[in-house]
Amino acid sequence: MRARSLILFIAISSSSMLMRAQEGRLQIGPGDLLHVQVFNTPELEQHPRVSESGDAQLEFLGNVHLSGMTPSEAAKHIEDQLIADQLVLHPQVTVSIEQYATQAVSVLGEVHQPGSYQITAPRTVIDMLALAGGLTPAADRTITIKRHGADGEKINYFLSNNANAAFDKNILVNPGDTVLAEKAGIVYVLGDVRNPGGYVMDDNRSQLTALQMIAHAGGLNKTAVPAHARLIRKKPDGSLDEKGIQIAKMQNGKDPDIPLEAGDIVYIPFSYLKGIGLGAAGITASVASAAMYTY
């Protein structure tokens with residue numbers, strides 16, 4: 001019985017520590033309902049709500065400004081006030097946020113219903129994305145959360161295609177935060193393939209190789225000339241870098257498959273008489289009319 005009680009105590013303590021670790025980074029704001037406890041002094045336990053001016057009305061202390069502080073900073077501030085007013089010689093104060101004021105979370109970018117969503121307590125990233133209608137097919141799987149507050153800390157969360165990984169590493173979004181789902185990188189395969197166009201890099205690694213691109217495009221047509229395939233990549237200065245790639249050797253394992261970067265173009269000529277002489281600028285110009293695909 002004693003062992004079972006000990007296990008239960010450890011489990012509860014671990015859970016509380018995780019909650020406190022998350023809450024400890026939040027700042028108290030107007031409208032929040034607090035829970036203030038003073039160890040061994042039950043008469044000082046209270047549940048004040050923070051006013052619009054940022055003050056909490058505390059018994060025996062009056063108005064104490066707590067807005068902008070973390071719960072641990074607020075606890076230390078109250079301890080100092082209790083000592084200064086000679087109410088408690090060695091106070092041990094804990095402050096927790098019992099209820100958050102309703103604040104909007106902005107969900108922006110590649111979601112079906114971008115906008116502001118009112119929440120009164122932390123919600124998971126997945127919950128917030130669900131409120132916004134989920135990700136669009138063009139969304140990158142790396143989601144950025146910008147924390148509410150003066151520091152504006154930015155946290156990245158990767159929404160894995162693997163359910164266990166997505167839920168195990170889920171991050172809480174706090175009232176007032178901003179969630180941004182950026183557009184994923186796009187790579188293009190043009191020329192003599194079955195489905196030429198642009199393909200979103202939305203797999204778990206946000207990366208595609210040349211052979212994967214050709215496979216997603218349905219493979220080569222019989223009239224294609226893979227020996228004259230080219231990879232076109234834009235340099236940082238805006239100029240184009242063009243080089244030949246040996247598709248057949250990659251398929252046979254003689255050459256390594258080439259990882260692609262966002263914006264890359266893989267071009268497969270149609271025949272020895274058509275398309276081989278087309279330059280990088282002409283190929284790049286055709287990107288604007290390329291169909292977009294997701295998978």
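Where does Gln46 lie?

1. Gln46 sits in the loop between strands E1 and E2. The model is predicted, and the points below should be read with that in mind.

2. Although it is a loop residue, Gln46 has a relative accessible area of 9%, and because the cut-off for buried is under 20%, Gln46 counts as buried. Its side chain reaches the backbone oxygen of Leu44 at 2.9 Å. Leaving aside residues up to four places away in sequence, Gln46 touches Leu34, His35 and Val36, and also Gln57, Leu58 and Glu59.

3. The largest nonpolar core holds 22 residues. Ile28, Leu34, Leu66, Ile78, Leu82, Val93 and Val95 have the most contacts inside this core. Two or more residues each come from strand E1 (33-38), strand E2 (55-58), helix H2 (71-84) and strand E4 (93-99). H2 contributes the most, with four residues.

4. Leu66 is in contact with Ile28, Leu34, Gly54, Ala56, Ala74, His77 and Ile78, again not counting residues up to four places away in sequence. Apart from this core lies another, of 20 residues, including Ala210, Ile247, Met250 and Ile258.

5. Helix H2 has 14 residues, which at 1.5 Å a residue should span 20 Å; the C-alpha atoms at its ends are 20 Å apart, so the two values agree. Its buried residues are Pro71, Ala74, Ala75, Ile78, Glu79 and Leu82. These residues cover an arc of only 140° around the axis, and therefore lie on the same side of H2. In an α-helix there are 3.6 residues a turn, so residues three or four places apart point the same way.

6. After H2 comes Gln86, with a positive phi near 55°.

Notes
Residues numbered from 1 in each chain as written. Predicted model: local features only at pLDDT ≥ 70, side-chain atom pairs only at ≥ 80, totals over all residues. Heavy atoms only, no water. Core = buried A, V, L, I, M, F, W, Y, C linked by side-chain atoms within 4.5 Å. Buried < 20%, exposed > 50% of the residue type's maximum accessible area, 1.4 Å probe, protein only. Contact = heavy atoms within 4.5 Å. Expected span 1.5 Å × (residues − 1). Arc of directions from axis to C-beta. Polar contact = N/O pair within 3.5 Å; in protein donor to acceptor, adjacent residues only side chain to side chain.
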